[in-house]
Amino acid sequence: GHQSGGGIDAPAERSKVWQAGWFPLFSVSSIAMVLLNKYCAASFRQPFSLLGFQNTMTILLNLMMVKLGIFEMKSFTREQFRMFLIPSVLFVGALLTSLKALPLVSVSTTVIFRALTTCLIATGDFFVFRKRFNNAELGCLGAVVVGAFVYAAHDLSFDGNGYTWLTVNVGILVASALYEKHAIVSVDQTPVGISCVQNVLSIPIIVVFGMLVGHEHPLQTLETTGTETRV
C-alpha cells in the first residue's frame, strides 16, 4: 500500500475515520430504536404482530439496500437456515421479552440491562471461547457491573415484572450471542445476509406463537386504535 509522509498508511487512516463516523450514527440509531420501541410497545399491545411487522420491514430494507449496492449479500444455502434456526428462536424470544418489559420500565433501566448483557457475554466468551481480556477491559467491565447495581438500588421506577422480563431478556441475549459467534464462523455469508436469514426464519415462529399463545388480532386492534386516535 502507498504511504503518505511520516509513514502513515492513508487507506488505514481513511478506514479509521470511516469507522469513527459510523459510531455516532450507531449510537443515535440505538437510542432512537429503544425510544420508538417503548412507544410502540405501550401503544400497540400485541407484541407478536408488532415483531412480525418489524422483522418483515427489516428484510425488505436489507434487500433494498443490497439492490442499491449499499450492502452485500451472498447466495443463501439450506445449511445457513439450518444453522441459524436456534438463534432465530432466541432472536424472537429476545425481541418479545424486550417489548414486554419496555412499557413497565424506564429507558435508562433498559440501557443498564443492555450494558450488563455485554458483561455477561464477555464472561461467556472467556469460558466458552477462551477469550482473554487485558486489565483495562476488565476494569471497564467491572465498572459497568458496579454501576448497574448502584442504579438498580436507587431505581425510582422499579417494577418487579419489568425487571423479570429484562432478566429473561438478558439470559436469551447472552445465549444467542454465544451461539451466533459459533454459527457465524461456520457459514459463508455477510452480516446483512445473516440478518435476512434470521428474520425470514423468525416470521413463521412469530405467526405460530401469535396465534396459539398470543391470540392476537392485529387488524382489529389497528381499527380500534384508529378510532381512538380520531376521537
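1. Glutamine 80 is found in helix α3, residues 78-83; helices here are DSSP runs of H or I with at least four residues, strands are E runs of at least two, and both are numbered from the N terminus. The model is a predicted one, in which local features need pLDDT of at least 70 and side-chain atom pairs count only at pLDDT 80 or more, while totals for chains, interfaces and linings use all residues. Residues are numbered from 1 along each chain as its sequence is written, and side-chain values use heavy atoms, with hydrogens and water left out.

2. Is glutamine 80 buried or exposed? Glutamine 80 is buried, with a relative accessible area of 4%; buried means under 20% relative accessible area, exposed over 50%, and partly exposed in between, with a 1.4 Å probe and protein chains only. Leaving aside residues up to four places away in sequence, glutamine 80 touches Ser75, Val187, Asp188, Gln189 and Val197, where contact means heavy atoms within 4.5 Å.

3. On the chain as a whole, the protein has nine helices and two strands, and along the sequence they follow the pattern β-β-α-α-α-α-α-α-α-α-α. Of the 231 residues, 29% are buried. Among contacts with a separation of 6 or more, 86% join residues 24 or more positions apart.

4. Two packed helices are described by the angle between their axes and the distance between the axes. The axes of helix α2 (residues 47-67) and helix α4 (residues 85-101) come within 10 Å and cross at roughly 125 degrees. That makes α2 oblique to α4. Axes are lines fitted to C-alpha atoms, for helices over the stretch in contact, and angles run from 0 to 180 degrees between N-to-C directions. Angles under 35 degrees count as roughly parallel, over 145 as roughly antiparallel, 65 to 115 as roughly perpendicular and the rest as oblique.

5. Pro47, Phe48, Leu50, Leu51 and Asn55 in α2 meet Phe91, Val92, Leu95, Leu96, Leu99 and Lys100 in α4. By class, this contact has nine nonpolar, one polar and one charged residues.

6. Helix α4 also packs with helix α7 (residues 160-184), at an angle of about 155 degrees and with the axes 8 Å apart. The two helices are therefore roughly antiparallel to each other, and their crossing is left-handed. Residues of α4 in this contact include Ile86, Leu90, Gly93 and Ala94, and those of α7 include Trp165, Leu166, Ile172 and Tyr179. The contact of α4 with α7 has twelve nonpolar, six polar and two charged residues.

7. The largest nonpolar core has twelve residues, among them Val34, Ala41, Phe44, Phe48, Val92, Leu99 and Ile205. Two or more of its residues come from each of α1 (10-43), α2, α4 and α8 (191-214). Such a core is a set of buried Ala, Val, Leu, Ile, Met, Phe, Trp, Tyr and Cys residues joined through side-chain atoms within 4.5 Å. A second, separate core of eight residues includes Ala101, Tyr163, Val170 and Leu178.

8. Arginine 130 lies in the loop between α5 (107-129) and α6 (135-153). Its phi is near 60 degrees, a positive value in a residue other than glycine. Arginine 130 is exposed, with a relative accessible area of 57%.

Methods
Ala, Val, Leu, Ile, Met, Phe, Trp, Tyr, Cys and Pro count as nonpolar, Asp, Glu, Lys and Arg as charged, and the others, Gly among them, as polar. A crossing is left-handed if the near helix is turned anticlockwise from the far one by less than a right angle, and right-handed if clockwise.
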